[in-house]
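Q: I would like to learn how to read a sheet and a disulfide. Can we work through an example?

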Amino acid sequence: VQLQASGGGLVQPGGSLRLSCAASGSIRSIETLGWYRQAPGKQRELVAIITSGGSTRYAESVKGRFTISRDNAKNTVFLQMNSLAPEDTAVYYCNTITTTIWGGPPRSYWGQGTQVTVSS
């Protein structure tokens with residue numbers, strides 16, 4: 001399973017960005033799609049996650065500003081980020097919990113990360 005993320009970049013405080021991540025490969029069933037981030041010197045943390053049924057969960061720090069959504073037909077997850085602040089600066093990673101056509105339990109897969117920098 002491969003995850004290809006895109007949409008990062010440099011934005012001014014108060015601005016917006018939209019991240020996308022497409023999953024591909026030997027996918028049988030995607031259970032969750034999510035976004036995590038890691039700032040310099042900090043541990044990776046959950047930003048938002050969405051289940052196959054559409055349930056969502058957000059980190060407290062992004063509630064009301066970020067929105068996660070998915071296109072099940074395209075195995076793609078999106079993260080709309082509004083009202084960005086310097087503390088949102090980090091490498092953003094997409095993640096999926098997925099079962100493959102080869103069987104076995106669901107496994108976690110990670111994308112390569114995309115840099116988001118919020119600065120004036």
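A: Start with a definition. Two strands pair if DSSP finds at least two bridges between them. Keep in mind that this model is predicted.

Q: What joins β1 to strand β3?
A: In general, strands of a sheet pair through backbone hydrogen bonds, either parallel or antiparallel. Here, 5 bridges link β1 and β3 (residues 17–24). The two run antiparallel. Within this pair, glutamine 2 sits opposite serine 24 of β3.

Q: In which order do the strands of the open sheet lie?
A: The order is β1-β3-β8-β7, 4 strands with antiparallel pairing.

Q: Now the disulfide. Which cysteines does it join?
A: A disulfide is a covalent bond between the sulfur atoms of two cysteines. The cut-off used is a sulfur pair within 2.5 Å. By this rule the count is 1 disulfide. Cysteine 21 is bonded to cysteine 94, with S to S at 2.0 Å.

Q: Which parts does the pair tie together?
A: Cysteine 21 belongs to strand β3 and cysteine 94 to strand β9 (residues 90–100), so the link connects parts 73 residues apart in sequence.

Q: Why is the disulfide called right-handed?
A: Because the torsion about the S-S bond of cysteine 21 and cysteine 94 is about 45 degrees.

Q: Are cysteine 21 and cysteine 94 buried or exposed?
A: Both cysteine 21 and cysteine 94 are buried. The cut-off for that word is under 20% relative accessible area.

How values were computed:
Residues numbered from 1 in each chain as written. Predicted model: local features only at pLDDT ≥ 70, side-chain atom pairs only at ≥ 80, totals over all residues. Heavy atoms only, no water. Buried < 20%, exposed > 50% of the residue type's maximum accessible area, 1.4 Å probe, protein only.
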